[in-house]
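Please keep the sequence and the model at hand while reading.

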Amino acid sequence: MMNVRWIAAALAILVLTGACVQLGRWQLHRLDERKTRNEVTRTNLAAPPAPIGEIVGPQGVVGDQHAWRTAVVTGRYDASKQVILKYRNVRDKPGFEVVTPLILPDGKAILVDRGFLARQSSELMPQHVPAVPTGEVTVTGRLQRSERGGRTTGGTPEGGTARLINGPDYAKVLGLDLYDGYLMVTEQKPANDPALGGFPGPEIDDGPHFFYALQWFFFALLAIGGLVYFSRQEARSDKSAQRQPEVADRPEARAGAPD
């Protein structure tokens, strides 16, 4: 009969198989989400520029449905409330991003990511930050939702620096009525300082989720295959154990046995 240890191992394999199947399904779900997001991104990239108020509405919240939509805003930069983003990477290069609030005519403000400064050597802060344009500025850029870092406080500026761009968190510190989201500059009048590097566009592909799903399903098949194999081995062992007493009970075996 199958021993307790084998039954426990079989149950563990079945649990492992179920977990692999669920992880595979989860990867397929993520693939569907990514395809939906890519479709939204393609639509937004193709949409004509529009005032930010027409895009996000009176709520002032930039959501996933607005990602990479081109918005046009006109206002005045508030250089006194500029924030330097640390530990950023653009095209695999470490550096800093310069975020400056743009005050709109209606009093509301939008965080503008003016550009990227590659880190020189091991500097902790950029040695030179391009000056903020004075007077009225018209910015055309791509909308992005506020960045969130889980339980970290990287979205709250401290000492003029932060790690994330988060409208509500910045509003508490800067004392501004900010949109919940930000704008990445693609064009500015007057022109942006050439020292500030631009940003790459979005990656529109399906990612590795389909292949990850195949891997998890393959692991599930391996687990089931192993269970079938060891089940047969266990059954053969049981049959062998049952045959041994039968051989000892044969007349020939008894005749040859000593009295």
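The structure is a predicted model. Its protein chain holds five helices and eight strands, which follow one another along the sequence in the pattern α-β-α-β-β-β-β-β-β-α-β-α-α. Of the 259 residues in the chain, 39% are buried. Among contacts with a separation of 6 or more, 69% are between residues 24 or more positions apart. The accessible surface of the protein chain amounts to about 15900 Å², and carbon and sulfur atoms contribute 56% of this surface.

The largest pocket has a volume of about 850 Å³. Its lining consists of 28 residues, and those nearest the centre are Trp68, Gln144, Glu147, Tyr182 and Pro202. Two or more lining residues come from each of α1 (4-46), β3 (83-90) and β8 (178-189). With six residues, α1 gives the most to this lining. The table sets out the lining by residue class.

| Class in the lining of the largest pocket | Residues |
|---|---|
| Nonpolar | 10 residues |
| Polar | seven residues |

Because its relative accessibility is 7%, Thr70 counts as buried, the cut-off being under 20%. The side chain of Thr70 is joined to that of Arg142 by a polar contact of 2.4 Å. Leaving aside residues up to four places away in sequence, Thr70 touches Asn44, Pro48, Pro49, Ala50, Ile55, Thr140, Gly141 and Arg142.

Conventions
Residues are numbered from 1 along each chain as its sequence is written. This is a predicted model: local features need pLDDT of at least 70, side-chain atom pairs count only at pLDDT 80 or more; totals for chains, interfaces and linings use all residues. Side-chain values use heavy atoms; hydrogens and water are left out. On a 1 Å grid over the protein atoms alone, a cavity is a set of points where a 1.4 Å probe fits but cannot get out, and a pocket is an open set with protein on both sides within 12 Å along at least five of seven lines; lining residues have an atom within 4 Å of a point. Grid points are joined across faces, edges and corners, and a volume is the space filled by probe spheres set on the points. Helices (H or I, at least four residues) and strands (E, at least two) are DSSP runs, numbered from the N terminus. Ala, Val, Leu, Ile, Met, Phe, Trp, Tyr, Cys and Pro count as nonpolar, Asp, Glu, Lys and Arg as charged, and the others, Gly among them, as polar. Buried means under 20% relative accessible area, exposed over 50%, partly exposed in between (1.4 Å probe, protein chains only). A polar contact is a pair of N or O atoms within 3.5 Å; within protein, one must be able to donate a hydrogen and the other to accept it, and residues adjacent in sequence count only if both atoms are side-chain atoms. Contact means heavy atoms within 4.5 Å. Accessible areas come from the Shrake-Rupley method with a 1.4 Å probe; for residues, only the protein chains shown count as cover.
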